[in-house]
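Have the sequence and the 3D view open side by side. Then use this report to find your way around.

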Amino acid sequence: MSGLDAPEIVAAYEAVRSDKDATNWLLISYSAPTGNKLSLSKTGSGGLKELAESLDDSDVQYGYVRVQYANDAESTRVKFAVVVWIGEGTKVMRKARVSVESGDVKRHLSHHSIALTTSDRAELDEKDIVARLRAVGGADYNGGRG
């Protein structure tokens, strides 16, 4: 797979990871209707909701998002998630390559707590994602409640 080491993807990844940058998500898409070259298609600062609104129902895309949540009044946590989006209208051959290609994407976007493969925007609800991040994140000061 080509394109994941492009300077704009690397810079966007570093921006999402940075505490000093407002960018909190990036979206990687295919450069053309055929082939496997990936490129940065969007970034934003509106979190999971904005990322979900930017997804294309006719293709596979890869998102990376920073999620910040409070454990209690004293502390907040920052975690990262990879989203593998398989739009309902994605062509069969592109769907068939997701398992291999998503592994490459996850290796390049290596600092993440969870990876989610979905074709349903409802699965990108922030409360659900925070609950999943808490479950894998160690200490849970809310007794498992979001």
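The sections below cover the core, a helix, a strand and the salt bridges.

## Basis

This is a predicted model: local features need pLDDT of at least 70, side-chain atom pairs count only at pLDDT 80 or more, and totals for chains, interfaces and linings use all residues. Residues are numbered from 1 along each chain as its sequence is written, and side-chain values use heavy atoms, with hydrogens and water left out.

## Nonpolar cores

The largest nonpolar core has 19 residues. A nonpolar core here is a set of buried Ala, Val, Leu, Ile, Met, Phe, Trp, Tyr and Cys residues joined through side-chain atoms within 4.5 Å. Buried means under 20% relative accessible area, exposed over 50%, and partly exposed in between (1.4 Å probe, protein chains only). Leu-26, Ile-28, Leu-38, Tyr-62, Tyr-64 and Leu-109 touch the most other members. At least two core residues come from each of helix H1 (7-17), strand S1 (25-30), strand S3 (60-72), strand S4 (75-86) and helix H3 (92-108). Helices (H or I, at least four residues) and strands (E, at least two) are DSSP runs, numbered from the N terminus. A second, separate core holds 18 residues, among them Leu-51, Ala-52, Leu-55 and Ala-81.

What does Ile-28 contact, leaving aside its neighbours within four places in sequence? Its partners are Leu-4, Ile-9, Leu-38, Ser-39, Ser-41, Gln-61, Tyr-62 and Leu-109. Contact means heavy atoms within 4.5 Å. In soluble globular proteins, nonpolar side chains tend to be buried together.

## Helix H1

H1 buries Ile-9, Ala-12, Tyr-13, Ala-15 and Val-16. Seen down the axis of H1, these buried residues fall within an arc of 160 degrees, so they line one face of the helix. The arc is that of the directions from the helix axis to the C-beta atoms. On the other side of H1, Pro-7 and Glu-14 are exposed.

The buried residues of H1 pack against several elements: S1, strand S2 (38-44), S3, S4 and H3.

## Strand S1

S1 is mostly covered, with 6 of its 6 residues buried. S1 runs antiparallel to S2, joined by 6 bridges. S1 also runs antiparallel to S3, through 5 bridges. Two strands pair if DSSP finds at least two bridges between them. Ser-29 has Ser-39 of S2 as its bridge partner. Trp-25 has Val-65 of S3.

## Salt bridges

How many salt bridges does the structure hold? There are 6. A salt bridge is a side-chain nitrogen of Lys or Arg within 4 Å of a carboxyl oxygen of Asp or Glu. One of them joins Asp-59 and Arg-94 (3.2 Å, N to O). Asp-59 lies in the loop between helix H2 (47-53) and S3, and Arg-94 in helix H3, so the pair ties together parts that are 35 residues apart in sequence. Both Asp-59 and Arg-94 are buried.

Another links Glu-101 and Arg-97, with the closest N and O atoms 3.2 Å apart. These two are 4 residues apart in helix H3, about one helical turn. Glu-101 is buried, at 5% relative accessible area. Arg-97 is partly exposed, at 30%. Arg-107 and Asp-104 also meet in a salt bridge (2.4 Å, N to O). Both lie in helix H3, 3 residues apart. Arg-107 is exposed, at 58%, whereas Asp-104 is partly exposed, at 22%. An α-helix has 3.6 residues a turn, so residues three or four places apart point the same way.
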